[in-house]
Amino acid sequence: MNYLELCNNFYIHTLSTMKPYIFFPTSMLMYIGFYAYIHKILQLFSTYNTYDRHRQYYIMFNISKSSMLLFISYSILLGFNRNIVSLNSIDWSRQVLYKNITALYAITDIAPLFINRNKMMNSTIIHHVCVAFAYMSIVSSNLSNIGLSNAIIVYGLFSSMAFIVNFYLGFRYVIKNKKYISYLKKIAFVNYISSCSYNWSVQGIYLLSFLRSLYVNNLKQMNIFNIGYLGIYGAFLYFWISDDLVLMKHLLK
């Protein structure tokens, strides 16, 4: 067994066994510390040093988030290799694993809310707040009972594949060559629309399947709980997709 395989085994074991209430704050502290590391690297670029604190935060947050999403994407690939996840099925029995991977995604949106919220667009703030509430819902859920939490996890997992977008959003202010920025923007758009298309398709199929289950049961399950469930689920999707569309329009300019 080589060194990489040992590291992968340790990583998957940690994700699968560490309690979420310990994993989340530990990961949050490590991620905030990672900001300082990224800041030091970015200071090597003369352009970065000309910006004010708020612009530097924006660059740092996006490049840090891109790094984390790349890390999550690598986790998903490990899941494919170990038959934990596939394009048409997921082993939901490994609940701690999915809750901790969700934590990795959630902290990339939660951390900036405490540091530079005043400079965020309202749609972005709502997006981040929805992520925070979604994470709390997931941690308290039993993932074996397929429901809203499972759909949200799938959305977050495949959103991570769009890590190039956040790298572009931050790095476009660091390099001066407009030709390189144009290439990076095009790659980011293709990356983003591919991720979103898959995500929206999966969510659409999930929603139709849920509605079909109600219809098959002659709407006997159409109670206050399920109406509230659909309302919350629809609200999450609305705010997330709205934020995605805003970003897509920017990438098309």
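**View 1. Helix 2 and helix 4 cross with a right-handed sense.** The model shown is predicted. Helix 2 spans residues 20-42 and helix 4 spans residues 95-113; the angle at which they pack is about 45°, and their axes lie 9 Å apart. Helix 2 is therefore oblique to helix 4.

**View 2. Residues of helix 2 and helix 4 form the contact at this right-handed crossing.** From helix 2, the contributors are P20, F23, F24, S27, M28, Y31, I32 and Y35. Helix 4 supplies K99, N100, A103, L104, I107, T108, I110, A111 and P112. Sorted by class, the residues in the contact of helix 2 with helix 4 comprise 13 nonpolar, 3 polar and 1 charged.

View 3. The number of cavities of 30 Å³ or more is 1. Helix 3 (53-81) and helix 4 each provide at least two residues of the lining of the largest cavity.

**View 4. The lining of the largest cavity is shown residue by residue.** The residues that line this cavity are I12, S75, I76, G79, I84, V85, L97, Y98, I101 and L157. By class, 8 residues of the lining are nonpolar and 2 are polar, with no charged residues.

Notes:
Residues numbered from 1 in each chain as written. Predicted model: local features only at pLDDT ≥ 70, side-chain atom pairs only at ≥ 80, totals over all residues. Heavy atoms only, no water. Axes fitted to C-alpha atoms, helices over the stretch in contact; angles between N-to-C directions. Helix = DSSP H or I, 4+ residues; strand = E, 2+ residues; numbered from the N terminus. Parallel < 35°, antiparallel > 145°, perpendicular 65-115°, else oblique. Left-handed = near helix turned anticlockwise from the far one by under 90°. Contact = heavy atoms within 4.5 Å. Nonpolar A, V, L, I, M, F, W, Y, C, P; charged D, E, K, R; others polar. 1 Å grid on protein atoms, 1.4 Å probe; cavity = no way out; pocket = protein on both sides within 12 Å on 5 of 7 lines; lining within 4 Å. Points joined across faces, edges and corners; volume = space filled by probe spheres on them.
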